[in-house]
Amino acid sequence: MMLCIKNGMIHDGVNREAFRGDILVEDGKIRAVGEVPVIPEGAEIVDAEGLQIYPGFVEAHGHIGLDGYGIGYEGMDYNELNDIISPQMRGIDGVKPMDPAFAMAAAAGVTCVCVGPGSANVLGGTFTTIKTVGSRADDMVVRDGVAMKCAFGENPKRVYRDKKDSSRMTTAALLRETLFKAQEYMEKKEAAGEDLSKKPAFDMKMESLLPVMKREIPLKAHAHAAEDIFTALRIAKEFDLKITLEHVTEGHLIAEELAKENVPLAVGPTLTSASKFELRNKSWVTPGRLAAAGCQVSIITDSPVIPQEYLPLCAGLAVQAGMDPFAALQAITINPARHAGIADRVGSLEAGKDADIVITEGCPFEVSAKVKYVFIDGKQVDTAGTDA
């Protein structure tokens with residue numbers, strides 16, 4: 001299947017200035033961006049004259065599909081509440097492709113999401129990246145097992161206060177203890193080589209942590225308050241681990257320090273009330289200040305905390321608070337793709353990437369904008385969303 005989008009104003013996500021041009025799509029991939037002088041015979045043509053063309057919007061951190069839309073507590077599958085250390089959980093196993101929230105997200109131009117366990121556990125399991133269309137989770141996957149969720153701050157304390165965890169010191173100690181065990185398990189496996197008699201007894205939790213210990217995937221650290229952010233960074237350095245920081249609510253208070261760390265930051269959800277003590281400094285200025293300081297910033301909804309379809313609106317509110325508009329666009333396109341380790345597939349309009357494309361009338365940051373076309377893997381999506 002071939003598709004040619006003609007005469008639109010292209011915002012490719014990597015170059016600051018938009019430009020008028022065409023996009024050629026073949027078999028779900030972008031083949032050319034710019035001028036397509038000869039349209040292949042049989043290609044479907046979309047005339048984007050007067051319209052704006054963007055990469056599909058990408059969410060770096062959320063729980064869409066794991067927390068069911070409109071079905072209450074019984075539909076929530078994003079936290080294991082019986083074990084505070086549960087790295088063996090896999091987000092993909094909780095995804096409900098039939099959740100109406102996916103259709104709403106896709107209709108708004110959110111084409112790819114990084115989803116996984118919540119923040120009840122010190123270690124909660126792995127995140128997966130999926131497209132927002134499909135009936136089978138396996139077929140929606142861009143890349144599975146992209147990061148290992150860990151959490152600091154109020155949530156583990158609140159959920160496990162009477163069982164296992166009543167202070168930030170306890171949270172940090174539990175994480176360290178588990179990482180020490182994983183390090184020892186890895187070293188024993190490596191020393192044993194192919195000698196099965198010397199290998200340690202199989203431990204699913206430890207096996208699940210091997211990609212973290214080998215720096216193949218990062219810890220995905222839930223941290224709102226400045227002190228929790230620094231604890232997450234401290235522990236990552238102790239074990240020489242990769243890390244991304246999620247939420248970063250007080251990031252604007254420590255922007256220069258975070259710029260020195262050079263780790264990916266996912267900021268949000270901000271379109272909410274300050275429901276916890278650690279959110280008291282929540283502000284729309286946070287993503288802009290962090291980006292201005294030189295940090296790699298993604299804006300997140302943490303869906304369903306904010307409905308997934310409002311991701312571009314969140315970027316617009318950050319712009320209203322002073323964020324550079326191009327930085328805001330990158331914060332919902334290429335930066336979350338980099339954050340999740342899938343920038344080779346999505347996040348920008350470049351030849352060779354997936355044909356995830358959003359065409360709008362007006363700027364998508366504004367409530368008056370209208371999404372005219374959405375393509376995921378080159379296939380047009382129903383922009384009416386869902387009747388649910």
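R345 touches K29, K131, V142, K353 and D354, leaving aside residues up to four places away in sequence; contact here means heavy atoms within 4.5 Å. This is a predicted model, where local features need pLDDT of at least 70 and side-chain atom pairs count only at pLDDT 80 or more, while totals for chains, interfaces and linings use all residues. Residues are numbered from 1 along each chain as its sequence is written, and side-chain values use heavy atoms, with hydrogens and water left out.

You'll find R345 in the loop between α11 and β14. Helices (H or I, at least four residues) and strands (E, at least two) are DSSP runs, numbered from the N terminus. R345 counts as partly exposed because its relative accessibility is 25%; buried means under 20% relative accessible area, exposed over 50%, and partly exposed in between (1.4 Å probe, protein chains only). Its C-alpha atom is 20 Å from that of R16, which is 329 residues apart from R345 along the chain.

With a relative accessible area of 8%, K353 is buried. Again skipping residues up to four places away in sequence, its contacts include G28, K29, I30, I334 and D344.

Now for helix α8, residues 285–292. Which of its residues are buried? They are T286, P287, G288 and L290. The cover over them includes α7 (255–261), β12 (265–267), β13 (297–299) and α9 (311–320). After α8 comes G294, with a positive phi near 105°.

On to the rings. A search of the whole structure turns up three aromatic pairs. Rings of Phe, Tyr and Trp (its six-membered ring) pair if their centres lie within 6.5 Å; planes under 30 degrees apart count as stacked, over 60 as edge-to-face and the rest as tilted. Two of the pairs are tabulated here.

| Pair | Centre to centre | Angle between planes | Type |
|---|---|---|---|
| Y54 and F57 | 6.3 Å | 45° | tilted |
| Y373 and F375 | 6.2 Å | 10° | stacked |

Y54 is buried at 6% relative accessibility, and F57 is buried at 0%. Y373 is partly exposed, at 24%, whereas F375 is buried, at 1%.

Rings also meet charges. A charge sits over a ring if NZ of Lys or CZ of Arg is within 6 Å of the ring centre and within 35 degrees of the ring normal. K220 has its charged end over the ring of F127, 5.1 Å from the centre. R280 does likewise with F277, 3.9 Å from the ring centre.
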